[in-house]
Amino acid sequence: MAADRPMSPDEISQLPNIPRRGDPPAELTTGRVIISEIPAASEAADATATGDRITVELRRVEGARGTPAVGWELPQRRFTSGLSATFAQAVDTPRKDDRAAEHEPFVPDWCEVNYLSPSADPPAGQVLRRRSGKRVQPEYIFGADDRKTYKPTGFPWHSIGRLFVWTKSTNANWSWSGSAALISKNAILTCSHMAPWQSVVNDVPWKALFVAGYFNGPSIVGSGGSAWVTGLWGYRNHNQGDDMAVMALSSPLGDLLGYFGYKTYTDAWEDLPWWTLAGYPGMVANAQQPSRQSSFPIQDDDYDGAGLELEYEADASDGNSGGPVFGWFDKGPRIIGTHSGGEEEAFDTNNVAAGGSALSALIAWARNNW
């Protein structure tokens with residue numbers, strides 16, 4: 001297999017999984033189960049969280065005198081992971097850097113590696129708009145729904161998670177949820193329309209929670225598999241090609257669980273069935289278990305905004321937003337796109353991920369600055 005292309009489905013099927021090589025870090029198996037403290041959706045959206053629920057507000061921080069930079073931070077306090085929050089900025093357009101075309105994934109020494117995720121038995125957002133204000137079509141199912149639920153055991157499956165977002169930090173219930181993936185020791189990649197930009201613009205304290213390997217409620221890796229978002233960087237005014245954002249985390253889950261590499265998509269890969277889309281769509285297992293579809297091709301790519309639309313006919317629906325589109329290379333899984341939504345052009349419909357050099361530069365920025 002060439003190092004500059006992903007493995008084919010046949011090549012992947014011939015690879016033996018790598019068994020666990022040690023015990024999980026204690027940080028993953030101790031502490032409170034944060035996700036269990038989130039109220040049920042039936043509770044009033046404007047209720048105030050009370051009791052032993054964790055309420056954390058992102059606070060506005062002005063830039064230094066003479067600079068327009070405005071950031072957001074969490075209060076400096078102790079979190080479940082025992083780590084303090086860190087400061088990060090939220091801006092409209094990350095600086096593009098084409099030199100950051102790829103980076104290898106990271107796998108901790110203790111982790112098992114599963115090339116094909118174990119299957120699981122399923123249990124009984126925000127509107128995306130273009131800069132013009134035109135609503136983007138919802139995601140599409142192409143014929144029979146080919147997504148399969150899986151149990152997120154081992155790398156990289158436990159490094160994909162469910163992302164919960166509150167547009168107002170005092171609300172008891174989250175405003176929407178979607179998908180995200182670890183791309184560094186303490187950062188995740190998602191789509192920009194998962195971010196509460198309206199709250200950012202209006203100076204409304206908000207919060208978000210990432211649960212790695214979310215499975216029927218908590219994280220599959222243990223009570224330490226969740227982390228609060230402490231920072232945001234992405235394209236606020238986006239098309240689908242640059243519908244991407246990175247978020248900093250309150251604890252280094254990537255060091256504990258491993259994280260994806262990335263690689264800039266190239267036209268030479270078009271129409272080859274090498275890719276996987278994973279996430280937490282509500283119409284599959286009610287988003288209580290992750291689902292994936294593998295071995296599908298990128299059918300076309302179009303420049304859009306600062307990024308690149310990657311078009312495909314992998315099935316998707318609400319909750320898939322922000323999920324990684326990735327392939328297996330010689331040194332592990334690399335992301336080429338983050339799922340954005342559906343698109344209708346003339347007589348053609350596709351689902352779309354945001355990718356290209358803008359995505360690689362965004363991930364590189366997160367790795368270099370957080």
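**Buried cysteines and nonpolar cores**

Reader: Why is Cys 111 called buried?

Author: Cys 111 has a relative accessible area of 0%. Buried means under 20% relative accessible area, exposed over 50%, and partly exposed in between, with a 1.4 Å probe and protein chains only, so Cys 111 is buried. This is a predicted model, where local features need pLDDT of at least 70, side-chain atom pairs count only at pLDDT 80 or more, and totals for chains, interfaces and linings use all residues. Residues are numbered from 1 along each chain as its sequence is written, and side-chain values use heavy atoms, with hydrogens and water left out.

Reader: What makes Cys 191 buried?

Author: Its relative accessible area is also 0%, and the limit is under 20%, so Cys 191 is buried. Across the chain, buried residues make up 56% of the 370 residues.

Reader: What makes a set of residues a nonpolar core?

Author: The members are buried Ala, Val, Leu, Ile, Met, Phe, Trp, Tyr and Cys residues joined through side-chain atoms within 4.5 Å. The largest such core has 31 residues, and Ile 160, Ile 183, Leu 189, Val 246, Ile 335 and Trp 370 have the most contacts inside it. α5 gives the most to this core, seven residues.

Reader: Which residues does Leu 189 touch?

Author: Leaving aside residues up to four places away in sequence, its contacts include Ala 180, Val 246, Ile 335 and Leu 362. Contact means heavy atoms within 4.5 Å. A second, separate core of 29 residues includes Trp 110 and Tyr 259.

Definitions and conventions. Helices (H or I, at least four residues) and strands (E, at least two) are DSSP runs, numbered from the N terminus.
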